[in-house]
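Take a look at the chain below.

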Amino acid sequence: SSFVLCAQALPATCSNVRPAAPINPRPSPSTNPLKMQPCDPSSAFFGFMGVTSAIVFANLGAAYGTAKSGVGISSMGVMRPDMVMRSIIPVVMAGVLGIYGLITAVIINGKMEAATYSAYSGYAHLAAGLTVGMSSLAAGLAIGIVGDAGVRANAQQPRLFVGMILILIFAEALGLYGLIVGLVVASTAEGKGKNLCSSYA
């Protein structure tokens, strides 16, 4: 090597010369890029936030729809008590939104595994929870406003009943769309999110 030749020829000038490092060293097992990284325990935070988002936002929408429609039913029932049971439909449709969030939260929680939970699964479950929760919240706002005005108008003009029901159905469909997309995202993430990281346990 150059260090050996320099030491034989000029020993006094070779103090700053170091032997060259070997070319293409073999990577150690600890720095092997092909080795699967351990799963990040903080990924479960996103999954649990998806569970929380699904049930909390869906219940917010259901609560607003129930309260807003209930105010209209109570005001209408003073003059037309015979139409109270017929006007209870907006309250029932608002309550279904809470069931959407409950179903999604239970499904997401059942798919979470502590030791092998990847970041991909956490993000997917967060997206699924937000999709269902925010869609149900929007549907609850629509059902509450339409139900309040609808039952008051229906008490004065009974022929508006069919139109009110159609509007409520399309408002409820918004929450159903979010439920479908959320379940698809949560179910497909189970297969796509596996074997992305090794167990940290």
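**A salt bridge and the helices around it**

The side chains of Asp-148 and Lys-68 form a salt bridge, with 3.9 Å from N to O. This is a predicted model. The two partners lie in distant parts of the chain: Asp-148 is in helix H4, Lys-68 is in helix H2 (residues 43-79), and 80 residues separate them. The structure holds four salt bridges.

Stay with H2 and H4. Two packed helices are described by the angle between their axes and the distance between the axes. The axes of H2 and H4 come within 7 Å and cross at roughly 0°. Angles under 35 degrees count as roughly parallel. H2 and H4 are therefore roughly parallel to each other. Their contact has 21 nonpolar residues, 17 polar ones and three charged ones.

Now turn to H3. Helix H3 spans residues 89-110, and helix H4 spans residues 119-156. Their axes come within 9 Å and cross at roughly 175°. Angles over 145 count as roughly antiparallel. H3 and H4 therefore run roughly antiparallel to each other. Which residues of H3 meet H4? They are Pro-90, Met-93, Ala-94, Leu-97, Tyr-100, Gly-101, Thr-104 and Ile-108. On the H4 side, the residues they meet include Ala-128, Gly-129, Val-132, Ser-136, Ala-139 and Gly-140. By class, the contact of H3 with H4 has eleven nonpolar, seven polar and no charged residues.

H3 also packs with H5. The axes of H3 and H5 come within 10 Å and cross at roughly 0°. That makes H3 roughly parallel to H5. The contact of H3 with H5 has 17 nonpolar residues, two polar and one charged. From H3, the residues in this contact include Ile-89, Val-96 and Ile-107. From H5, they include Phe-161, Ile-165, Leu-168, Glu-172 and Leu-176. Some H3 residues meet H5 and are also listed in the contact with H4. Among them are Met-93, Leu-97 and Tyr-100.

What makes up the nonpolar surface patch of about 460 Å²? Leu-174, Leu-176, Tyr-177, Ile-180 and Val-184 do. Tyr-177 sits in helix H5 (residues 161-192). Leu-176 belongs to this patch, and Leu-176 is also among the H5 residues that meet H3.

Conventions
Residues numbered from 1 in each chain as written. Predicted model: local features only at pLDDT ≥ 70, side-chain atom pairs only at ≥ 80, totals over all residues. Heavy atoms only, no water. Patch = residues over 30% accessible without salt bridge, like charges linked within 9 Å, V, L, I, M, F, W, Y side chains within 5 Å. Areas by Shrake-Rupley, 256 points an atom, 1.4 Å probe, with all protein chains shown as cover. Helix = DSSP H or I, 4+ residues; strand = E, 2+ residues; numbered from the N terminus. Axes fitted to C-alpha atoms, helices over the stretch in contact; angles between N-to-C directions. Parallel < 35°, antiparallel > 145°, perpendicular 65-115°, else oblique. Contact = heavy atoms within 4.5 Å. Nonpolar A, V, L, I, M, F, W, Y, C, P; charged D, E, K, R; others polar.
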